[in-house]
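This report goes through the secondary structure, the nonpolar cores and a few selected residues of the model shown below.

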Amino acid sequence: MRAESGDGLQIVSETQTNTDSTLRQPPSDEFIQLFSRSQRRLFLYILAQVPNPVDAEEIQQETNIVIWNKSHKFQSGTNFYAWTCQIATYEVMKYRDRNRRDKHLFSDEFIKRVAQETSNDAERLEDRRKALIGCLGKLRAQDRELIQSRYTPGENGKSVAVKLGRPINSVYQSLGRIRRSLFECVNRRLTAEAGQ
Amino acid sequence: MNLENGQFQELSDLLEALCEDRIKPQQAQRLELLVLENDNALHFYLNYLDLHGTLHWDTALGDEADSKYPTVISTCSVGESQGDDCASIAADSKQIVESFSSNRRNPSRWLKIAMVIVACSLILAVGIQQYSKSRDNSVATIPKAGSNSSSNNDEVKITEEGNRPKPNRPLVFPKQPPPHTTNPKTPDIVKNNDSDNGNEKARSDPNNRSSDSIVAWVNDELSQSWHNVGVRPSETASDEEWARRLYMDIVGHLPPLDELTDFLADRSSNKREILIEQLLDQPGYIRNSTTNWTNLLVGRSDSLNANRAALQKYLRECFAENRPWNVIVDDFVSAEGDNIKNGETNFLLAHLNNEAVPATAITAQVFLCVQIQCTQCHDHPFYDSKQNEFWEFNSFFQQAEVVRSAKTKLVNERVGGPTFYENRQGTVFAATPKYAGVAVKPDPDVDLRQKLADLLLAGEKPQVAVAMVNRMWGHFFGHSFTPQVDDMGPHRRPSHPKILDRLAREFVDSGYDVKRLIRWICNTDAYQLSSRFNETNLEDNPHIGCDPLFSRVYMKSMTAEQLYDSLIIATGAHNVSATKWTEAEHQRQDWLQQFVVAFRTDENDEVTSFEGTLTQALMMMNGDLVEEALSGSRGTFLHKVARSRDSDVDKIKQLCLAALSREPSRQEIQVFRKILRDRISSRPDGTSIQIASVEGLQDVLWAYLNSSEFILIP
């Protein structure tokens, strides 16, 4: 438990008062379903504001703790995703506060704008994902392997280059090419589907 | 994304730097500026990070990614035959369910998180032992509950029994579900294809084996025939030549530079087979097939009653889902409805003028590869086909009416009776519907066109199948089994009757599977050959009248559409912006119109003035797109090549590969290097080296595009 997390302390006190009077119900099945279904979207929401996936995951873990602890506060039938986004936004702000201001890549204004736009676009995410699946299948075997290696947890472009014994820039080029072609492929698929 | 090319490139570079954690502060500032000032840039940013994030998330979760989230739905249940995919999907789904419960190599990420949370709450919660124990249980059972219910909730169509395809290798997923058909005759189709589907599933594994055996048989037949006439086949085409040919034949444009270099660098022994598969999967295949068939069915010029765009939409659906050819022919012949919702009506709508004479002739030409228009007025001069046969065929179309109100519709009038015609002496005759010896009573209650469609497709080896094989073979090899692909009467004996016969029967047996037919053709040994002659096969030159031996692949000329598409790709103009399909179609169609002159004849003939010369094409090319791409301004391919730190030789190489799909010869390199140097050394005062070098490269690219080699398909 993080001592410096203001929310955490609050929760402790809440729980402690509650235990005396009532036994808190475990989260409902519905909540559990909603929770698991929203994980990926939540990650992407955070990632748009904090573009490093490792950092984004860290923030997501913190967000999940809060979500779980505040599960009783969620009103069934309301927008779960929006609710979790609110919590995530707060965690993102806290994360930025913890890190030094001059190390920030983007301004607060950027973060706000991006957050606003991402939470609007939830519908298309699943379409994009499906399209990506199809596009991945079309890559040449060696391209797919490269992407898989690159996105293996703990790896990045540099580490993969070292493992393969290839010059770093060449690997960056290849990854860029593959990502761009996946990007274009996904866009094409979505456009084609929309056009029909 | 409607961004300008310069911005697109810059954003792309910045995002790449961001993804690999090597973005500098001033770059980040620049990125922020671009994103905030332009909504399109903002979406670019979001979508790119979405891609990055999804790759990260799904890889990190490994095999379990799919089980939590509903994946690609196969619409096998709709009944459309999807061949191999259906079978493997059904097989795999059982594996998924099993593999998930047994695969605990990587505890899922959020299970870890949930455990952390549980741990926290255990620490936090004082005196709620009971509560935490029950919580533990619910957490532990989450995976199962989560996956089942999430799949049920998210996608109504997925059922438990597993329309959930998933191979064991992560990140390799099966194809997308096909778009829905708007065909009003769905019940019939489902009925037809259920039996096909059943057969497909039964032969799922043997499918590949039987394809191999068919190809092997053709290889044997051909090599026997070469031996018999004492001819040696030409050498195998180089990878460069072959790739260029395959791309042209399947997707209708030359290979983009990055795809080409990948193919050339690939060392696998079966890379050609793989490339065929990949190209059949590209949207280019759909687009190219749609273009070719649209031109065949309704020509290149616009017609009064036919809606070209609707026809193309229908064809795109067909090729996207690999609809069986017999279903497509049935659709076209028996089409009914309005010309927008029922795209297939547009074929007949374009030709029902003049008492359906053009419809009769063109139906026979396109689907049966038989010329019957001369017999409209008299018996065929060359073979036994008589005038009455033409009108008997025509008689099937008598119920078809074009209704023009708010929408244009093709309807069936409930009329019946004979069709009257005159011979040249003025004697009037009566004809009633008859095809291939089968007479149909022209009752008002009988749907004559549906009957025709049934007759056209009846039997083990209908002419429809033979015609399609002849046409496809001709498309790939540059010459069919007959001197003219669509003149297959009894007066034209096919050059290889056994091969034609076997392929036609196999085509029917496969359920009229067009992609499979293409695979058979493209995987033959003969299709791998070069177009160059050797000393022994100089007579293998069907274009000057000899019988084809297929001991070499015959050179083809680019069509106008292929030229347009190839120019766009060779100059990198397609990287400028991802325009919508319909918009790109409009642009290309506009450009093509200047070559088409429609002569109004009774048979709806059309002549194109496209002679296939590049200069002509470029002179009339008024597209901003290509002009800009050739201009070498920021963001274009030319600019990228100029800007790179590669040597002159490498730059010339890139341009040659992009335009001609091959490496430059030593002589070319010499000549072009000199041109580049001269450009720089003799540049006018005030012109930077950068600009002069771009101009030099423009010269090089232009020279390549102007060469006759560019316009020929090896």
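Helices (H or I, at least four residues) and strands (E, at least two) are taken as DSSP runs, numbered from the N terminus. The model is predicted, so local features need pLDDT of at least 70 and side-chain atom pairs count only at pLDDT 80 or more, while totals for chains, interfaces and linings use all residues. Residues are numbered from 1 along each chain as its sequence is written, chains are lettered from A and ligands numbered from 1 in the order in which they are written, and side-chain values use heavy atoms, with hydrogens and water left out.

**Chain A**

Chain A has 9 helices and 0 strands. Buried means under 20% relative accessible area, exposed over 50%, and partly exposed in between (1.4 Å probe, protein chains only). Contact means heavy atoms within 4.5 Å. Accessible areas come from the Shrake-Rupley method with a 1.4 Å probe; for residues, only the protein chains shown count as cover.

| Property of chain A | Value |
|---|---|
| Buried share of the 196 residues | 51% |
| Share of contacts with a separation of 6 or more that join residues 24 or more positions apart | 65% |
| Accessible surface | about 9500 Å² |
| Share of that surface belonging to carbon and sulfur atoms | 48% |

Two strands pair if DSSP finds at least two bridges between them. Chain B holds an open sheet of 3 strands in the order 1-3-2, with antiparallel pairing. Strand 1 (337-338) and strand 2 (400-404) of chain B are at the edges with a single partner strand each, so one side of each has no neighbour in the sheet. Strand 1 of chain B is joined to strand 3 (residues 408-412) of chain B by 2 bridges, and Asp338(B) has Lys409(B) as its bridge partner in strand 3.

Helix 19 (residues 448-456) of chain B is largely enclosed by the rest of the structure, because 7 of its 9 residues are buried. Among them are Arg449(B) and Gln450(B).

**Cores**

A nonpolar core is a set of buried Ala, Val, Leu, Ile, Met, Phe, Trp, Tyr and Cys residues joined through side-chain atoms within 4.5 Å. The largest has 133 residues, and Ile250(B), Trp325(B) and Phe710(B) have the most contacts inside it. Helix 20 (residues 463-477) of chain B gives the largest share of this core, 10 residues. A second, separate core of 71 residues includes Ala131(A) and Cys185(A).

**Tyr45(B)**

Tyr45(B) lies in helix 3 (residues 39-61) of chain B and counts as buried because its relative accessibility is 0%. Beyond four places in sequence, Tyr45(B) touches residues including Phe106(A), Phe110(A) and Leu15(B).
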